[in-house]
Amino acid sequence: MKLLGGFLLIWVVGILVVELLPKNFTDGWFDGTERIGLSIEQEEKLGEAMLDMVLAGHTLAESERFDSAFSVIQSRLLSQVDSSAYNYKFYLVDDPMVNALTFPGANIVVFTGLVDFCESPEQLSAVLAHEIGHVEEQHVVDKLVAEIGMSILIGVITGGDATVMHDIYKTLASSYFSRLQEQDADEFGMKLLLDSGIDPLALAEFFRKLSEEKADYGEYLEWIMSHPNNDSRVAASENFKVPYTFVPEPFSMDWEQLKSSL
Ligand SMILES: [Zn+2]
């Protein structure tokens, strides 16, 4: 009887704790989506405000030829992302920095410098697949919650304070993902590449090129800032097990010519 009483007490306290938590914290706990943090709508609102900041300082790259190739790459990857809660949007900005940034609400900004750096559409796919991993694994919001705090984030989304929003943007653009988050995103990305019929070793090729050419990677390059000499990360990408039955389907596009259209 005492044991039963104890269980009941724990159960009631447990329910109370869940009830007392802000709604944003409990959304999705019981519907299998495991979302802890912001709702998709809140993420999208935050993402849009941040995008305004990036796009205010940049112009979108204009090349119909490249745009259509870029769409082919995106759809090939996204068609293999199972039941995503997100509506992905990709932006290509004119900037020589070798960079890609992922903002809340599945907004991924790719710099033309990154495209130029990639030796093949497969390498660009590897970078995008990694970024999709950060989105699907909720790393972007986790990072913001850890660095900014949930209450400030919610306040900004509902109140729209431009100064605080700018600080949040800076935090997101200049801080690290954790080593574990990077490994997760790499693993997610390589599986996604495999499912999409793209050789996952393209990620290893990209890493190798990064370590060989210490070019102007830029201050905010998430790829370099996150453990630049992390050999285990490079080794993991090189040792990723590709099933021996796997036959990659190469993109049929003239990559060099596409790049020169930018
Ligand atoms: Zn990353």
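The model is predicted, so local features need pLDDT of at least 70 and side-chain atom pairs count only at pLDDT 80 or more, while totals for chains, interfaces and linings use all residues. Residues are numbered from 1 along each chain as its sequence is written.

Of the 262 residues in the chain, 31% are buried. Here a residue is buried if 20 or more other C-beta atoms lie within 10 Å of its own, exposed if 12 or fewer, and partly exposed in between, with C-beta atoms placed from the backbone. As for contacts between residues at least 6 apart in sequence, 72% join residues at least 24 apart; two residues are in contact if their C-beta atoms, placed from the backbone, lie within 7 Å.

Now to the helices. Two packed helices are described by the angle between their axes and the distance between the axes. Helix α6 (residues 121–136) and helix α11 (residues 201–212) have axes that come within 8 Å and cross at roughly 100 degrees, which makes α6 roughly perpendicular to α11. Axes are lines fitted to C-alpha atoms, for helices over the stretch in contact, and angles run from 0 to 180 degrees between N-to-C directions. Angles under 35 degrees count as roughly parallel, over 145 as roughly antiparallel, 65 to 115 as roughly perpendicular and the rest as oblique. On the α6 side, the contact with α11 is made by Glu122, Gln123, Ser125, Ala126, Val127 and His130, and these meet Ala202, Leu203, Glu205 and Phe206 of α11.

With helix α10 (residues 179–195), the axis of α6 comes within 7 Å and crosses at roughly 120 degrees, so α6 is oblique to α10. The contact draws on Ser125, Ala126, Ala129, His130, Ile132, Gly133, His134 and Glu136 of α6, along with Asp184, Ala185, Asp186, Phe188, Gly189, Leu192 and Leu193 of α10. Sorted by class, that contact has seven nonpolar, five polar and three charged residues; Ala, Val, Leu, Ile, Met, Phe, Trp, Tyr, Cys and Pro count as nonpolar, Asp, Glu, Lys and Arg as charged, and the others, Gly among them, as polar.

Helix α10 itself has 17 residues and reaches 24 Å from its first C-alpha to its last, close to the 24 Å expected at 1.5 Å a residue (the expected span is 1.5 Å times one less than the number of residues). Its buried residues are Glu182, Ala185, Asp186, Phe188, Gly189, Met190, Leu192 and Leu193. After α10 comes Gly197, with a positive phi near 75 degrees.

Most residues other than glycine have a negative phi. Ser83, in the loop between α4 (64–78) and β1 (89–93), has a positive phi near 30 degrees. Ser83 is exposed, since 5 other C-beta atoms lie within 10 Å. Ala106 sits in the loop between β2 (100–103) and β3 (107–111), with a positive phi near 60 degrees. Ala106 counts as buried because it has 24 C-beta neighbours inside 10 Å. Gly57 lies in the loop between α3 (40–56) and α4, and is exposed, with 8 other C-beta atoms within 10 Å. The C-alpha atoms of Gly57 and Val93 are 9.7 Å apart, and the two residues are 36 residues apart along the chain.

Methods
Helix = DSSP H or I, 4+ residues; strand = E, 2+ residues; numbered from the N terminus.
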